[in-house]
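Please have the structure open while reading.

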Amino acid sequence: VLTRAQERELLSVDLARANGDIDSFTQSMAHELRQPLISAGGFGQLAKQQFVAAGDLQGADYVERVLKSVSQISAISDTVLELARISRAAPRHRVVDISALASAALDTLQRRDPSRQVRASVQPGMVALTDPVLMKLVLAQLLDNAWKFTSTMNPAHIAVGSGDVGGQMHWWVRDDGAGFDAASADGVFQPFHRFHSAGEFSGIGAGLAIVKSAIPRMCGTVRVESAPGQGAKFCFSLRHAAA
């Protein structure tokens, strides 16, 4: 007869095994989707070119819609793989220059979209003891989110900073973009959840889910302050942040 402690241990092992099986299946499915999606995208582009060459603009429009759907499925597949990778990662804590990572991410966004007028500021000298790969990923996703949802602002304002709150250091990314109802803030971190339509802002609603998955791997928490039309401020703390 098993004791309660032994039963709990066996249940824990069974749950871990089941989660591992689900993770492996999810990864396999995401990988298997890649090749047919690449093929569909390639043949779709050829079909679109032929329609355009023939002067059939309606046919070209239909193919373009198919290509957008293929692109969306591909992005979802990539997100599934990224979330799986984060869940398996073993964080390695070291001193990380958060100011440098944020500045580099903003530079990348500006080069990608040079026509945008964005007034960005990064507080100098921000460092933390954390995982550099995960932190780079978190900042890239938060800044990409801010960049996207300020696309209707001219100029837009994005800021990255830090401060002490109740004796604990917090870092934040703030923007003056579209914002959303903070009463529904929990949903913003759910995979593929959107507060705005695809016609308003592009994307599949995955970036913040990646942030939500990565922050706990660094022994941290994340929260958001926002209101419709008043931008958003994403704040995160790290338990082992002292540097």
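In what sense do β6 and strand β7 pair, and over how many bridges? In this predicted model, β6 and β7 (residues 232-238) are antiparallel partners joined over seven bridges. Within that pair, G220 stands opposite L238 of β7.

**Sheet**
- The sheet is open and has five strands, in the order β2-β4-β5-β7-β6.
- Pairing within the sheet is mixed.
- β2 (118-122) and β6 (220-226) are the edge strands, each with pairing on one side only.
- From one strand to the next, the twist averages 20 degrees.
- In general, strands of a sheet pair through backbone hydrogen bonds, in either a parallel or an antiparallel way.

**Helices across the sheet**
- Helix α4 (residues 132-149) lies across β2, β4 (156-165), β5 (168-175) and β7.
- The angle of α4 to β7 is about 170 degrees.
- Helix α5 (residues 207-217) lies across β6 and β7, and runs at about 145 degrees to β6.

**Second largest pocket**
- The volume of the second largest pocket is about 340 Å³.
- Its lining consists of 13 residues, of which A105, K136, L137, A140 and Q141 are the closest to the pocket centre.

Conventions: Residues numbered from 1 in each chain as written. Predicted model: local features only at pLDDT ≥ 70, side-chain atom pairs only at ≥ 80, totals over all residues. Heavy atoms only, no water. Pairing = 2+ DSSP bridges. Helix = DSSP H or I, 4+ residues; strand = E, 2+ residues; numbered from the N terminus. Axes fitted to C-alpha atoms, helices over the stretch in contact; angles between N-to-C directions. Contact = heavy atoms within 4.5 Å. 1 Å grid on protein atoms, 1.4 Å probe; cavity = no way out; pocket = protein on both sides within 12 Å on 5 of 7 lines; lining within 4 Å. Points joined across faces, edges and corners; volume = space filled by probe spheres on them.
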